Amino acid sequence: MKKIRIASRESQLALWQSNFIAKKIKEHFPNIETEVISFKTQGDIILDQPLATIGGKGLFIKELEQALLNNEADIAVHSMKDMPMDLMNDFTICAITDRENPTDAFISNNFKSLQELPEKSIIGTSSLRRQSQIKARFPNIQIKTLRGNLQTRLRKLDAGEYDAIILASAGLIRLNLAKRITDFIDIDFSIPAVGQGALGIETLKNNHQVQDLMQFLNHQDTMLCVNTERMVSRGLAGSCTVPLGAHANINDQSIYLKAFVAKPDGSKIIYSQKNGSINQHAEIAQAVVEDLKNQGALEILN
């Protein structure tokens, strides 16, 4: 191939991610040109409603997948946390990059941590996953929907619309905004979204040439962890309309997986945690799914 065309959302963070991948491709294949082509997605257009009520995270990828089908692009770069659990048959994730910090970030101009927030404080987040975990511990905190790109969300905080906001740490780090992070929220307190912090490279399932070329971007441990997390979500029919989180990490050939399911208001929240050999990652994911089901996950989700 002489050129690889990269489909991207139009947000500053999405363009950073796509240009980061373009740079990696150019470093690895100096003779291949790269071009980043941006598309406005429905998820970026509809900003006055929570994602859970307008169709979920798939709204961030449909236009990029259409570009692949139309031969307008060769790959699309996504945040893995935005990817639906089941892709259409035409597509495949051919590589997942080394994961950035997977935690949620607490950002406030007046308070140092969630624990310091007074009762009735207003926290901005559009995530039912974050909302449910916060409400479970701080039932008197108020949650207010927060949509828009990263810079828009920070501006709303600075304008005094919120006492604090919660964002993914990875996006802030990638845009050199880590200084805005007041506190990295411990994973045991706020289990991240499935795939949070990792980038996925999507292409057509029948485009084997591109799949082979992109293998150098694949980080084996991250792919194993993200796929394990996605097995949990898939096993529970998870989406952004469901308060569910899962996080896996690898240490010395062992994989450690934790997950939760909750009611949106945090009135009921259940957890599961398993570990074992990385060769048993699928069995560990299934064991977590069964454990959550035995604790009443399906009743919560229904």
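Which residue in S12 is the bridge partner of Ala248? Keep that in mind while you set up the view. This is a predicted model, where local features need pLDDT of at least 70, side-chain atom pairs count only at pLDDT 80 or more, and totals for chains, interfaces and linings use all residues. Residues are numbered from 1 along each chain as its sequence is written, and side-chain values use heavy atoms, with hydrogens and water left out.

Start by selecting 244-251, 254-262 and 269-277, which are strands S11, S12 and S13 (strands are DSSP E runs of at least two residues, helices H or I runs of at least four, both numbered from the N terminus). They form an open sheet in the order S11-S12-S13, paired antiparallel (pairing takes at least two DSSP bridges). S11 and S13 are the edge strands, each pairing on one side only.

Now zoom in on S11 and S12: eight bridges join them. Click Ala248 and you'll find its bridge partner in S12, Leu257.

Next, show helix H5, residues 128-137, which packs on the sheet and touches S11, S12 and S13 (contact is heavy atoms within 4.5 Å). Its direction makes about 75 degrees with that of S12 (angles, from 0 to 180 degrees, are between N-to-C directions of lines fitted to C-alpha atoms, for helices over the stretch in contact).

Last stop: H9. Its buried residues, including Met223, Leu224 and Val226 (buried is under 20% relative accessible area with a 1.4 Å probe, protein chains only), pack against S4 (91-96), S11, S12 and H10.

How values were computed. Buried means under 20% relative accessible area, exposed over 50%, partly exposed in between (1.4 Å probe, protein chains only).
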